[in-house]
Amino acid sequence: MSDAWDDVVGGSKAAARIRTAAIEEFAEHGYGGTTTRRIAARLGMSPAAMYPHYASKEELLFAIAYEGHALALQVVENADRPDAEPSDRLASVIGRFAAWQAENHRWSRVIQYELAALDREHYRTIVGLRRQTTQVVRGVVDAGHVSGEFTLPDAEGVTLALMSLCVDVCRWYPSGRYDDAVTISDLYADLALRLVGAVR
């Protein structure tokens with residue numbers, strides 16, 4: 001990872017434990033309903049012991065959001081196979097992205113629904129990561145459109161629909177028989193191909 005990763009997220013085991021506890025608190029009580037005291041109590045430490053790692057609750061949320069979005073971007077980039085056919089690329093990228101949302105649904109719920117609490121500079125940084133992730137998907141959609149493999153009325157609209165489908169997994173997962181990441185991956189890969197008119 002880049003220097004920015006260490007600067008924002010913090011590489012120590014203590015910082016990682018604080019982030020994990022904060023994710024659980026934010027997921028259960030929301031950002032507004034969570035205090036640094038509650039997070040610290042979850043870890044059996046004093047609030048003062050958190051400050052060397054994260055100076056404020058907002059800074060902690062930023063670290064959680066940065067880590068989550070950076071990892072999601074990495075997942076999408078790693079899932080893409082530029083030498084493959086567009087349909088195989090899309091199925092791989094969307095399937096893996098949706099699975100990541102399921103595997104990390106509490107974390108994802110926090111970083112999707114609590115971003116309004118970030119300050120302006122931190123929010124812009126996270127939006128930049130989100131745009132990079134979207135651009136990976138858009139690149140695959142465009143490749144399929146150019147090759148004629150995909151039938152698209154609107155590449156931008158289809159890309160937004162695909163991204164929305166994936167990130168919304170965190171809102172309802174698990175539900176009924178959709179309670180494991182592999183099932184989600186297979187379902188969403190198939191849905192993506194149907195959306196672009198490339199059913200295999």
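The dialogue below walks through several features of a predicted model, one at a time.

Student: What should I know about the model before reading any feature?

Tutor: This is a predicted model, in which local features need pLDDT of at least 70 and side-chain atom pairs count only at pLDDT 80 or more, while totals for chains, interfaces and linings use all residues. Residues are numbered from 1 along each chain as its sequence is written, and side-chain values use heavy atoms, with hydrogens and water left out.

Student: How many residues does helix H8 have, and what span does it reach?

Tutor: Helices (H or I, at least four residues) and strands (E, at least two) are DSSP runs, numbered from the N terminus, and the expected span of a helix is 1.5 Å times one less than its number of residues. Helix H8, residues 120-147, has 28 residues and reaches 40 Å from its first C-alpha to its last, close to the 40 Å expected at 1.5 Å a residue.

Student: What is found at the start of H8, and which residue just after H8 takes a positive phi?

Tutor: A polar contact is a pair of N or O atoms within 3.5 Å; within protein, one must be able to donate a hydrogen and the other to accept it, and residues adjacent in sequence count only if both atoms are side-chain atoms. At the start of H8, a side-chain oxygen of Asp119 comes to within 3.2 Å of the backbone nitrogen of Glu121, and just after H8 there is Gly148, with a positive phi of about 85 degrees.

Student: Which residues of H8 are buried, and what covers them?

Tutor: Buried means under 20% relative accessible area, exposed over 50%, and partly exposed in between, with a 1.4 Å probe and protein chains only. The buried residues of H8 are His122, Ile126, Val127, Leu129, Thr133, Val136, Val137, Val140, Val141 and Gly144. Contact means heavy atoms within 4.5 Å, and the cover over these buried residues includes helix H5 (57-79), helix H6 (86-103) and helix H9 (155-167).

Student: Which charged residue lies over the face of Tyr31?

Tutor: A charge sits over a ring if NZ of Lys or CZ of Arg is within 6 Å of the ring centre and within 35 degrees of the ring normal. Here Lys57 lies over the face of Tyr31, at 4.1 Å from the ring centre.

Student: How many salt bridges does a search of the whole structure find?

Tutor: Side chains of opposite charge can pair when their charged atoms come close. A salt bridge is a side-chain nitrogen of Lys or Arg within 4 Å of a carboxyl oxygen of Asp or Glu, and the search finds 11 salt bridges. One of them joins Glu28 and Arg106, whose closest N and O atoms are 3.3 Å apart. This pair links distant parts of the chain, with Glu28 in helix H2 (residues 13-29) and Arg106 in helix H7 (residues 105-113), 78 residues apart. Glu28 is partly exposed at 41%, as is Arg106 at 26%, and a network of salt bridges links Glu24, Glu25, Glu28, Arg38, Arg42 and Arg106.

Student: Where in the chain do Asp190 and Arg194 lie?

Tutor: Asp190 and Arg194 are 4 residues apart in helix H11 (residues 181-195), and are therefore separated by about one helical turn. Their side chains meet in a salt bridge of 2.7 Å, N to O.

Student: Is Thr34 buried or exposed, and what does Thr34 touch?

Tutor: Thr34, in the loop between H2 and helix H3 (36-43), counts as buried at 1% relative accessibility. A polar atom of the Thr34 side chain lies 3.2 Å from the backbone oxygen of Glu25. Not counting residues up to four places away in sequence, Thr34 touches Glu25, Phe26, His29, Ile39 and Lys57.
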